[in-house]
Amino acid sequence: MSVPERKISYKIPEPTLRRLPWYLSCAKLMRSQGERYVSSTHISRQINIDSSQVAKDLSYVAISGRTRVGYEVDSLIAVLEEFLGFNSMHKAFLFGVGSLGSALLQDTGLAHFGLEIVGAFDINPDKVGSVISGIPVYHTDKFSEIMQKDKVNIGILTVPISISQEITDVMISHGIKAIWNFTPFRIRVSENIVVQNTSLYAHLALMFNRLKDELKNEDL
Ligand code: NAD
């Protein structure tokens, strides 16, 4: 069956969405240091991004700064958290409770960013039936049943690469709308499904490459 074409135009540019959490962290740091106001120039200096870019990014968020003093730190934090969806909980299921999957289950930091993993799935009998950080691990065969009980929109993919697409299709056929994909496989989905690919290794390659250039420059 072919999937109908749907052109989606997102209002906020992706680079802006990637930068806003940096501004949030910066504002939180300022608050912990007792500051009441923060300017875009200060944020810009802290995170090494052009101040006009910071101001432009923040123009997407419903907050206005005061001339010279900047943004009120508490308001900026509240508005950014609301805007980024970090202060409301988004439930997720995780597939593949291996070394990466179980680390994510144990990561308490995710809740601070609005993600709550409410259940995990695996096929390994040593894992099925266990509870990790309060999160139950079910057999993948139980997914349909569990999904009916607990309506969840987000799926986290930490299974072996060979079954990435298969598990993706299972998730989507049961109503998952967004997939956080940690596998190094470019999963294929229809346009109405949101996919976020995340790779620690991609960042490593960038670091190695830049390091090589730096070391070469030192030798010159
Ligand atoms: P792992 O072998 O430790 O874990 C994989 C888990 O998937 C196992 O527990 C296995 O039993 C389970 N599994 C197998 N079939 C399943 C099924 N049908 N349903 C549910 N679970 C099933 O592997 P890992 O090191 O945790 O890596 C997992 C994936 O994440 C791999 O694809 C790996 O390449 C990727 N990975 C990505 C990053 C990153 O930075 N994005 C980092 C590490 C690993």
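The largest pocket has a volume of about 2300 Å³, where a volume is the space filled by probe spheres set on grid points joined across faces, edges and corners. A pocket here is an open set of points on a 1 Å grid over the protein atoms alone, where a 1.4 Å probe fits, with protein on both sides within 12 Å along at least five of seven lines. The model is predicted, and local features need pLDDT of at least 70, side-chain atom pairs count only at pLDDT 80 or more, and totals for chains, interfaces and linings use all residues. Residues are numbered from 1 along each chain as its sequence is written, and side-chain values use heavy atoms, with hydrogens and water left out.

**Pocket lining**
- The lining of the largest pocket holds 43 residues, and Arg18, Phe86, Trp180, Gln196 and Thr198 lie nearest the pocket centre; a lining residue has an atom within 4 Å of a point.
- At least two lining residues come from each of helices H1 (14–32), H4 (73–84), H5 (99–106), H6 (109–112) and H9 (200–219) and strands E8 (178–181) and E9 (194–197); helices (H or I, at least four residues) and strands (E, at least two) are DSSP runs numbered from the N terminus.
- H1 gives the largest share of the lining, 8 residues.
- By class, the lining has 26 nonpolar, 12 polar and 5 charged residues; Ala, Val, Leu, Ile, Met, Phe, Trp, Tyr, Cys and Pro count as nonpolar, Asp, Glu, Lys and Arg as charged, and the others, Gly among them, as polar.

**H1 against H2**
- H1 and H2 (residues 40–47) pack at about 105° with axes 10 Å apart; axes are lines fitted to C-alpha atoms, for helices over the stretch in contact, and angles run from 0 to 180 degrees between N-to-C directions.
- H1 is therefore roughly perpendicular to H2, a term for angles of 65 to 115 degrees.
- Trp22, Tyr23, Cys26 and Met30 of H1 touch His42, Ile43, Gln46 and Ile47 of H2, contact meaning heavy atoms within 4.5 Å.
- This contact has 6 nonpolar, 2 polar and no charged residues.
- Ile47 contacts Trp22 and Tyr23, leaving aside neighbours within four places in sequence.
- The C-alpha atoms of Ile47 and Tyr23 are separated by 8.1 Å, at 24 residues apart along the chain.

**H1 against H4**
- H1 and H4 pack at about 145°, with axes 9 Å apart.
- The H1 contact residues include Leu17, Leu20 and Lys28, and those of H4 include Val73, Asp74 and Leu84.
- The contact divides into 13 nonpolar, no polar and 4 charged residues.

**H2 against H3**
- H2 and H3 (residues 51–58) pack at about 115°, with axes 8 Å apart.
- Ser40, Thr41, Ile43 and Ser44 of H2 meet Ser51, Val54, Ala55 and Leu58 of H3.
- This contact has 4 nonpolar, 4 polar and no charged residues.

Terms used:
Parallel < 35°, antiparallel > 145°, perpendicular 65-115°, else oblique.
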